[in-house]
Amino acid sequence: MQISVKSDVKELQRKLKHAKRQIPFAVKGGLDATAFDVQRAVKHALPIALDNPLKYTIKGVQVEKAKKDTLIATVGFAGKGFGRSSGSIPQAEYMHFMIKGGIRTPRHTSIAVPNPRSGKKVTNKAGNIPRGKIKKLLSDKDKYFSGAPHQWSKAEEGIWERMPANSKRKKNRTQKIRMPIAWEPTAQYNKGYFKFEKIVGRTVAKTFRNNFDKAIAKALKTAR
């Protein structure tokens with residue numbers, strides 16, 4: 001999301017006609033202050049729009065400050081070519097679907113989707129499958145398996161849990177199974193689940209004028 005300052009630069013040029021060298025400094029100051037206001041607004045909105053977002057997601061809202069030669073300040077989620085992300089999946093990669101919607105395709109063969117109807121909780125408080133959870137489940141081959149149960153012809157592919165585990169199953173006793181995680185070929189997201197652009201636009205309209213005026217005052221003071 002970029003912030004346009006064309007209309008305000010004309011006013012700035014008029015006010016700083018005797019100190020034109022200060023114009024880039026003033027514009028940059030107004031842009032940077034506004035960008036950080038937007039960052040705070042987006043971080044504040046995340047827990048309201050999303051159910052218990054991870055700290056990792058909130059930390060992903062980052063700012064790239066304006067440069068004097070380009071005068072563009074950018075606010076967004078860390079991802080390829082922007083910001084810094086410490087996780088295996090950059091925040092921008094999944095927040096894109098929360099903002100724009102669309103069909104998410106798997107990185108490998110399938111997408112792991114929790115199945116709350118199974119009755120087994122495999123997600124964290126944010127509703128996501130924690131990193132390492134799938135590997136941990138499948139390492140217990142006595143209790144879990146990946147695929148589709150052969151006894152059910154229309155069973156879906158997923159991670160299935162044996163109840164009880166094979167080693168605890170008594171002779172001639174029925175063993176139940178349930179699927180806590182499904183393997184899906186795609187995942188569908190509705191557009192506008194997180195209204196990023198609306199939050200940015202509202203915050204810019206509310207704060208940029210004041211930030212710009214402060215930047216002008218600072219530039220005039222410095223010019224003296």
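Which helices and strands each supply at least two residues of the lining of the largest pocket? They are helix H3, helix H4, strand E4, helix H5 and strand E8, where helices (H or I, at least four residues) and strands (E, at least two) are DSSP runs numbered from the N terminus.

This is a predicted model, in which local features need pLDDT of at least 70 and side-chain atom pairs count only at pLDDT 80 or more, while totals for chains, interfaces and linings use all residues. Residues are numbered from 1 along each chain as its sequence is written, and side-chain values use heavy atoms, without hydrogens and water.

| Element | Residues |
|---|---|
| Helix H3 | 55-59 |
| Helix H4 | 91-100 |
| Strand E4 | 111-114 |
| Helix H5 | 133-139 |
| Strand E8 | 187-189 |

The largest pocket has a volume of about 1600 Å³. A pocket is an open set of points on a 1 Å grid over the protein atoms alone, where a 1.4 Å probe fits, with protein on both sides within 12 Å along at least five of seven lines; lining residues have an atom within 4 Å of a point. The volume is the space filled by probe spheres set on the points, which are joined across faces, edges and corners. Of the 40 lining residues, Ile89, Arg104, Ala112, Asn128 and Ile129 are the closest to the centre. H4 gives the most to this lining, with five residues.

Methionine 163 lies in strand E6 (residues 158-163). Methionine 163 counts as partly exposed because its relative accessibility is 27%, between the limits of 20% for buried and 50% for exposed (1.4 Å probe, protein chains only). Beyond its neighbours within four places in sequence, methionine 163 is in contact (heavy atoms within 4.5 Å) with Gln175, Lys176, Ile177 and Arg178.
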